[in-house]
Amino acid sequence: MFADVILPLPLDGTFTYALPAEWGYRVKPGCRLTVPFGKKKSYSAIVLRLHDLRPEGYEVKDAIELLEDAPILLPSQLRLWQWMADYYLCPIGSVYKAALPSGLKEEDEESGYKPKMVQMVRLTEAYAAEDRLVGAFIELKRSPKQAVLLMKYTEMSKVAASLTMKDPTLCLEVEKQELLKACDSNTTIFNALVEKGILETYEKQVDRLDVGDASDQMVLHLLSPAQKFALDGIYKQFEEKNVCLLHGVTSSGKTEVYIHLIYNMIEQKKQVLYLLPEIVLTTQLVNRLKRVFGNRLGVYHSKFSDAQRVELWQKQLSHNPYDIIVGVRSSVFLPYQNLGLVIVDEEHEQSFKQQDPAPRYHGRNVALMLAYMAGAKTLLGTATPSLETYYNCERGKYGKVELFERYQQVQLPDIQVVNVAEERRKKMMSGPFTSVLLKEMHDALQNKEQIILFQNRRGFSPTVECHTCGWVPRCPHCDVSLTYHRRLNQVTCHYCGYVEPLPRKCPNCEGERLDNVGFGTERIEDDIKQVFPDAQVARMDLDTTRSRTGYEKLLHDFQNGNTDILVGTQMVTKGLDFERVSVVGILNADTMLNMPDFRSYEHAFQMMSQVAGRAGRRNKQGRVILQTKTPDLPVVQQVVANDYATLYREQMEERRLFHYPPLYRLVSVYMKHRYESVLNALAYEMAQVMRKVFGERVLGPDTPPVARVQSLYIRKIMLKVELNANLSEARIRLRQIEKHFLAQEQFKSAQIYFDVD
Ligand code: ADP
Ligand code: ZN
Ligand code: ZN
């Protein structure tokens, strides 16, 4: 027998190994083997298929060890991996690396995952009868301590009742440690009972999973008429279509609608995957879902320990998996035995896209494929649909249901645009705040209401600059200036993580005055403290949410009103539901609007509408102050008017004109190299070869806005293909071109990769 296996290395295709005859039929697809490869002794590889065709042209090596009899992957997972490698033009080994928690892919057994085992106690076979148990107490007449222990065991396990009723399920499991503690006994006494053959121990694997305290009762909120109408609409769409969009304004109660759908699914004994774009959001949601679904709910994301993730994986493979999984994009990799529904909440979110490393996949799109392969339905929910999704609704591929009424008819927020350029000219600004925003903040604080401020830059200031000569600290490895973090008194690179202390003087002219240019969240936090010294301010960005407890505390404090003002990056824009927020400030819309990306207006609209939606949720209309230098820009007006239809129409017009998604398929080819001259040659030649194959559909090579990261120069070529083109053919050609260049001596140390869609 031979096995084709996948290695956890960024390598294409599979590798074939011979299997020792004595393993027989124990090896199955989805099992792990250790195999020898390259210079390093061994890797843990996944079996993709088994066959008896001896490969020709090289000597086949033997697999070393079979790591487990039961596969750790279902066939459907392997199919999804193959689809991802193919669609996202990346090695299947990279998919393997991304998919498994490290405990399941450890090459080195020692550091691999070890389940947590505890010692349990039970009666031996010989004493597991009513009269035998009575007999045991008589035997123990002269050993009172042992009798006490046995008595405690019978009490804790309720074994007597179980024996009387002849129903083993009535007997409870008892942990040895707890038993000894309960009767103040010790191991010596316990061992005596074991030696007499009365008690025995056995091992049990325990959950490290945090199940929390939750009732098993499922209590659903009653839906409002509008919500009920939407729910019925979704069921109706699902009769004909596999995918449905729930386009519902913020606070319309989309989550309540999802809960009813989930309830219905698990009544039918099907599993549900609930995908969220951001870990921060899981906390609020999980609390809400736990109240309804209790311990049927599992949570999966990277803030959990690896051991917990392995445990959840194993549980999903067992006969007793969670019915509902809530998680971020990586949850598409979990085993699902009986998937019925996938919910992608905030489907428009960019954070569903993995940028680095490969696979550079979009969580929503993989979820759609996962559902499709499982014959499950997908519900995409958002207040601001992605153009991709909306286009698929318009052309009838997806169903669409609208929910344009907020729960309890709370009004949508009132959005006021303030011209920063004008206020600056009139000297009305204080720091990053316009006079209009300051007044709103002042009033809100007076009324004991809360405020959210959104600034899409972390750190203190995006950069510092020498007052005398204009010198700016730059990253030695990347083509960017360094961001100043005042708490640490450091300047850091947000691309590669490079850090250095802020210089005391300008290294260029010895000038002593360094000015802060621009505002990051840290600086805004400081400025608020200047203006409103009594207000409680908190900051939510990458720097304050690195730990799970960090962001949970932030949310908790804001929820409980311990925080008056929350400053944050895009993290504060997403789906958080707070009751007392009356004012939202968008401090600088222009950084979003000026992003050099064809999706920048779409994303700016989504982010601004979403953060605006945090205002005025329950008892009063919220106020949103949108600060910008370009108040007349159509997209700004579309945010104010909450006019998605116009945004969609205008943006689609541009996409049509310039051949961008969703009307064309886009593949970006990235090339990286240490030497710029080599890279230029590669980029030029590659673009030429691509033009021979794809003609006018090829653009570039271009130098991206950040053209060097981690000491590697970067170039980019774009390929825009018609929607109806034969994509599998195009993919094959692209991978051939990649191989062709990497095989050349001069380019072999280059990196080439693809970014699809
Ligand atoms: P969305 O997901 O559309 O932003 P949510 O589901 O978070 O909206 O609903 C907003 C708020 O209104 C939440 O606090 C939610 O608990 C409440 N709510 C919505 N619908 C109902 C309902 N049918 N019964 C009780 N509370 C509801
Ligand atoms: Zn200087
Ligand atoms: Zn850098």
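Q: Which way do E23 and strand E24 pair, and over how many bridges?
A: E23 and strand E24 (residues 565-568) pair in the parallel sense, over four bridges. Bear in mind that this is a predicted model.

Q: What is the bridge partner of valine 537 in E24?
A: Isoleucine 565.

Q: How does the chain cross from E23 to E24?
A: Through helix H17 (residues 548-559). The β-α-β crossover is right-handed.

Q: Switching to metals. What are the protein donors of the zinc ion, ligand 2?
A: Cys466, Cys469, Cys506 and Cys509, each through SG. They lie 2.2 to 2.4 Å from the zinc ion.

Q: And what's the geometry of that site?
A: The ligand 2 site is tetrahedral, with angles of 103 to 115° among its four donor atoms.

Q: How are those donor residues spaced in sequence?
A: For ligand 2 the pattern is C-x2-C-x36-C-x2-C. Cysteine 466 sits in strand E18 (residues 463-466), while cysteine 509 is in the loop between strand E21 (499-501) and strand E22 (514-517), so this pair ties together parts 43 residues apart in sequence.

Q: Cysteine 466: buried or exposed?
A: Buried, at a relative accessible area of 1%. Cysteine 509 counts as partly exposed, with 31% relative accessibility.

Q: Now ligand 3. Which protein donors does that zinc ion have?
A: Cys475, Cys478, Cys493 and Cys496, again by their SG atoms. Their distances from the zinc ion run from 2.2 to 2.3 Å.

Q: What angles do its four donor atoms make?
A: The angles are 106 to 112°, and the ligand 3 site is tetrahedral.

Q: What spacing do the ligand 3 donors follow along the chain?
A: C-x2-C-x14-C-x2-C. Cysteine 475 counts as buried at 5% relative accessibility. Cysteine 478 counts as buried too, at 3%.

Q: Aromatics next. How many aromatic pairs does the structure hold?
A: There are 17. One of them joins tyrosine 258 and tyrosine 274. Their ring centres are 5.5 Å apart and the planes are at 85°, so that pair is edge-to-face.

Q: Where do tyrosine 258 and tyrosine 274 lie?
A: Tyrosine 258 is in helix H9 (residues 254-267) and tyrosine 274 in strand E10 (residues 271-275). They are 16 residues apart, and the pair links distant parts of the chain. Tyrosine 258 and tyrosine 274 are both buried.

Q: What about phenylalanine 558 and phenylalanine 578?
A: Edge-to-face, because their planes are at 90°, with ring centres 4.7 Å apart. Phenylalanine 558 is in helix H17 and phenylalanine 578 is in the loop between E24 and strand E25 (581-586), so the pair ties together parts 20 residues apart in sequence. Phenylalanine 558 and phenylalanine 578 are both buried.

Q: Which residues do ring pairs link into a cluster?
A: Tyr390, Phe605, Tyr644 and Tyr648.

Q: Last one. Which ring does the charged end of lysine 720 sit over?
A: The ring of tyrosine 660, at 4.0 Å from its centre. Arginine 708 has its charged end over the ring of tyrosine 713, 5.4 Å from the centre.

Notes. Residues numbered from 1 in each chain as written. Chains lettered and ligands numbered in written order. Predicted model: local features only at pLDDT ≥ 70, side-chain atom pairs only at ≥ 80, totals over all residues. Heavy atoms only, no water. Donors = N, O, S within 2.8 Å, 3.2 Å for Na, K, Ca; no water. Tetrahedral: all angles 85-135°; square planar, octahedral: opposite > 155°, others 65-115°. Helix = DSSP H or I, 4+ residues; strand = E, 2+ residues; numbered from the N terminus. Buried < 20%, exposed > 50% of the residue type's maximum accessible area, 1.4 Å probe, protein only. Pairing = 2+ DSSP bridges. Right-handed = clockwise from strand over helix to strand, strands pointing away. Phe/Tyr/Trp six-rings, centres within 6.5 Å; stacked < 30°, edge-to-face > 60°. Lys NZ or Arg CZ within 6 Å of the ring centre and 35° of its normal.
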